[in-house]
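Q: Please take me through this structure one feature at a time.

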Amino acid sequence: MAKQVIKVPDLGGADQVDVIEISVAVGDTVAEEDALIVVEGDKASMDVPAPVAGKILSISVSEGDKVSEGDVIGEIETDAAGDSAEEPAQEAEQPAEPAAEQPAQPAEPQQAAAAPAGEATEQDIVVPDLGGADAVDVIEISVSAGDEVDEGDSLIVVEGDKASMDVPAPKAGTIVSISVKDGDKVSTGDVIGVMKAVSGAAAPAQQPAAEAAPATEQKPATPAAEQAAAEPPAAPQKDQYLERDLTVSAEVYAGPAVRKLARELGVTLNKVKPTGPRNRVTKDDLHAYVKEQVKKAESGAVGVGGGLGIAKMPEIDFSQFGPVNVEPMSKIHKITAANMARNWLNVPHVTQFDDADITELEDFRKSMKAEAEKRGVKLTPVPFLLKAVAAALRAEPSFNVSLHNDGEHIVRKDYVHVGMAVDTPKGLMVPVIRDVDKKGLYDLAEEATAMALAARDGKLKPKDMQGACFTISSLGAIGGTGFTPIVNAPEVGILGVSRLSVRPEWNGTEFVPRKMLPLALSYDHRAVNGGDAGRFMTYLVSMLSDVRRLLL
Ligand code: CAO
């Protein structure tokens with residue numbers, strides 16, 4: 001065992017950077033390179049990594065302190081034998097960051113030729129010297145085309161494994177274009193956009209080498225934290241982080257370790273309330289946010305800001321009430337359960353009811369039954385329903401849509417594929433009959449029977465159950481006077497069909513017995529409004545009530 005002091009590594013000559021996060025506590029065991037504290041200069045933040053693996057004996061700085069290269073920030077106990085207790089081991093003074101993680105100042109001299117003061121010249125914006133590293137992540141785009149920027153303003157933020165930094169505007173001017181996006185990878189010298197720079201006496205087009213801070217002038221593996229110190233002070237010094245937090249609420253400031261943890265936890269950083277210096281999100285903020293979400297979910301509390309916050313079902317031992325047998329659910333049953341819950345919770349349902357007078361349709365169907373059987377086809381009401389639904393989807397295309405995932409578009413479909421719910425011993429399956437609007441009654445009858453058989457025999461392929469625009473769920477053969485079906489999203493409508501009954505209907509002079517088919521149309525009220533639903537249902541009923549129109 002040996003004790004070793006931990007010192008702030010090479011900060012590229014910069015002084016007095018802020019300690020913005022303490023990532024470990026006394027007693028913690030850390031691996032070599034684990035983040036111990038996070039420091040931040042004006043334009044970059046970096047982790048100070050553990051120089052060796054070991055146990056943290058002390059941390060002598062606090063959040064908000066200022067530190068410089070060589071400052072002692074704590075002590076670590078290592079397994080290595082023979083190290084002096086007083087002298088820091090070699091590693092403690094080594095530059096902390098591998099080159100890949102230390103984006104530095106622009107190494108590229110500015111490309112534009114010197115121009116008279118005040119004249120605008122277009123120039124490429126290039127990724128500055130990343131210390132030889134390749135492919136760091138673009139994690140933020142801070143400007144867009146047309147924005148006016150001051151020299152040194154952040155244009156994009158890039159992040160390596162342990163440090164993030166702003167890529168600053170090489171000059172004051174106007175952004176013409178930014179050619180990278182969040183998630184792209186960039187390397188030194190990559191062009192990330194074009195700007196119109198305003199040349200002036202104070203900012204010559206060709207920066208002097210000392211100001212450009214080319215890679216060759218830097219100490220090897222210079223940490224990112226204080227790269228900005230080498231920059232010429234352009235616009236009045238301002239706190240970019242604070243300013244951007246106030247103006248662009250979507251932007252979040254956090255150290256690389258916090259960003260990494262947020263990614264691991266699946267937390268969107270801009271939902272977390274920052275409590276760190278300069279409104280930065282700390283690890284504690286992340287933990288507090290996750291704890292709060294878990295608590296909300298468990299208590300069932302519905303937050304003002306949204307979230308379903310559904311209370312968990314209590315665990316019940318049913319055997320205390322009588323004998324029970326616990327069986328595994330089939331795969332289909334589990335998938336159906338998950339889909340139903342998802343659709344029920346996500347889709348604001350409305351169900352509209354009506355009865356179709358199918359007396360004539362039934363007379364026609366019965367008259368055709370024998371002929372159909374000769375052709376090997378069973379003519380039930382389902383093929384007629386398929387045909388009527390297809391006609392209604394063409395006549396009232398407001399139902400032949402899906403909501404786009406981006407929440408800003410509607411997908412209108414120019415095909416008519418209809419799903420048919422089939423009750424099978426293993427659970428509910430919904431095969432899809434394609435191009436229903438182009439098929440005749442016999443074809444539909446044949447296909448519906450074949451699909452129902454395949455479903456019951458477990459022979460449907462995944463593609464047989466994809467692509468429906470609308471679903472029919474017929475419980476007519478089973479019974480019931482009505483039910484409210486759940487929309488099979490991303491479809492926006494489903495027709496529930498119940499058992500027909502013979503009822504006295506008033507024809508204007510007398511009551512006559514009519515065969516009435518109860519229909520229930522559930523729809524997603526985000527995509528379809530009541531008027532559209534009313535028209536769709538009325539059209540559907542008129543088609544089913546007038547078999548001649550249906551067969552046209
Ligand atoms: N009213 C009265 N009788 C009806 C009817 C209705 N609405 N619909 C069908 N029938 C009759 C048929 O005409 C047939 O009688 P005949 O043999 O005398 O002609 C009989 O009921 C049996 O029909 P079927 O079940 O063989 O065929 P189908 O075309 O009516 O239905 C299918 C096919 C696949 C839709 C059906 O078998 C099925 O699985 N339905 C259940 C769907 C379901 O589970 N929905 C709920 C989903 S949400 O949980």
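A: Start with Pro-490, which lies in the loop between β26 and β27 (493-497); strands are DSSP runs of E with at least two residues, helices are runs of H or I with at least four, and both are numbered from the N terminus. The model is predicted, so local features need pLDDT of at least 70 and side-chain atom pairs pLDDT 80 or more, while totals for chains, interfaces and linings use all residues. Residues are numbered from 1 along each chain as its sequence is written, and side-chain values use heavy atoms, without hydrogens and water.

Q: What kind of peptide bond joins Ala-489 and Pro-490?
A: Most peptide bonds are trans, and most residues other than glycine have a negative phi. The bond between Ala-489 and Pro-490 is cis, with omega about 10°.

Q: What is phi of Gln-16?
A: Gln-16 is not a glycine, yet its phi is positive, near 55°. Gln-16 sits in the loop between β1 (2-7) and β2 (17-22).

Q: Which residues come nearest to the ligand?
A: A residue counts as near if one of its heavy atoms lies within 4 Å. There are 21 residues around the ligand, and Lys-369, Thr-380, Arg-456, Ser-473 and Ser-474 come nearest.

Q: Which elements supply at least two residues of the shell around the ligand?
A: They are α7 (359-374), α8 (381-395), β23 (422-424), α9 (441-456) and β26 (470-474).

Q: At what angle do α8 and α10 pack?
A: Axes are lines fitted to C-alpha atoms over the stretch in contact, and angles run from 0 to 180 degrees between N-to-C directions. Helices α8 and α10 (residues 530-545) pack at about 140°, with axes 9 Å apart. The two are therefore oblique, a word for angles that are not under 35 degrees (roughly parallel), over 145 (roughly antiparallel) or 65 to 115 (roughly perpendicular).
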